[in-house]
Amino acid sequence: MIYRRTLRREVACTGIGLHSGRPVRLRLRPAPAEHGVRFLRSDVGVAIPATLAHIGGQDHATTLHREGVSVGTVEHLLAALSALGVDDVLVEVDGPEVPVLDGSAAPFVMLLHEAGLRPLAVPRHYLRVLQPVEVVHGQKSARLVPAEHFEVRYTIGFDHPLLRHQALSLRLSGRAFTDSIAPARTFGFLREVELLRKSGLALGGSLDNAVVIGETGVLNNKLRFADEFVRHKILDAIGDLALLGHPLLGRLEAVRAGHALHAAVAHKLLATAGAFELVPATAALVTEAALVTEAATLHPAAAC
């Protein structure tokens, strides 16, 4: 039997919000079995479960909302928690946004390794996709199909010479996430920066926490991967699908998707009769669990 897990000890870091530009302190605390992942706005005393039902907005980031209180840019941290197999944790933030750090999930992976993990006395359950579900918006689509493991096949395309087409397929595990996905940074176009800031977004963005793309190339020194952009889209998707509340056994096939489509296909999966089942993590899933918990070497990145 494979059991749910929480942190071995409390850890914390500080940074600024990507969109709010405000300083924020983040603290990760152990939690009891079946607590799930919850974000506590310590400055106002409101806790928000990390579930699809509490999505409050997805404009360039995923925001959770409850009782008039929100926490934004949760997807990078959720991706790290999900990929490393953390089921139960209390995430305390003293502001409206999770710190962006270096724009990737690598600092959160480092923080989780520092905290360590411990098992709880309740078995873990996986959400297994039984039949395909799909959401299509014009040329954008997101599809969940049955698979024995958690897999992602992602394709992106933008009206820019660097990003006309990038595609990547991989089977997710702790090592695959840590080595190949977690270091990929959020990105944006220089031509959109002024418009975003007029809309109250990207106020904390800089060359230290995002890849900025100009008309002829990347303004930062260099990319961490030649296809860093599609890898970051996969990172976002992992974090958004973590809002299902259980580790996923299935394959996401996404084309030019984003936060809204990730959430839409997850909602459709739960709303479609016979499309999924919850299965206990017994011996049949031992191999998958081992992949999730294996040790990994971190790609060089800024720490918390």
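Student: In this predicted model, in which sense do strand β4 and strand β9 pair, and over how many bridges?
Tutor: Strand β4 covers residues 37-41, and strand β9 covers residues 89-93. Phe39 stands opposite Val91 in β9, and the bridge partner of Arg41 in β9 is Val93. The two strands pair in the parallel sense, over 5 bridges.

Student: Which residue stands opposite Val93 in β9, where β3 and β9 are joined?
Tutor: β3 and β9 run antiparallel and are joined by 5 bridges. The residue opposite Val93 in β9 is Leu26.

Student: In what order do the strands form the open sheet, and which are the edge strands?
Tutor: The sheet has 5 strands with mixed pairing, in the order β2-β3-β9-β4-β5. Each edge strand pairs on one side only. The edge strands are β2 (11-16) and β5 (46-49).

Student: Which residues of β9 are buried on each of its faces?
Tutor: In a regular strand, side chains alternate between the two faces of the sheet. β9 is mostly covered, with 5 of its 5 residues buried, and the cover extends to both faces. The buried residues are Val89, Val91 and Val93 on one side, and Leu90 and Glu92 on the other.

Key. Residues numbered from 1 in each chain as written. Predicted model: local features only at pLDDT ≥ 70, side-chain atom pairs only at ≥ 80, totals over all residues. Heavy atoms only, no water. Pairing = 2+ DSSP bridges. Helix = DSSP H or I, 4+ residues; strand = E, 2+ residues; numbered from the N terminus. Buried < 20%, exposed > 50% of the residue type's maximum accessible area, 1.4 Å probe, protein only.
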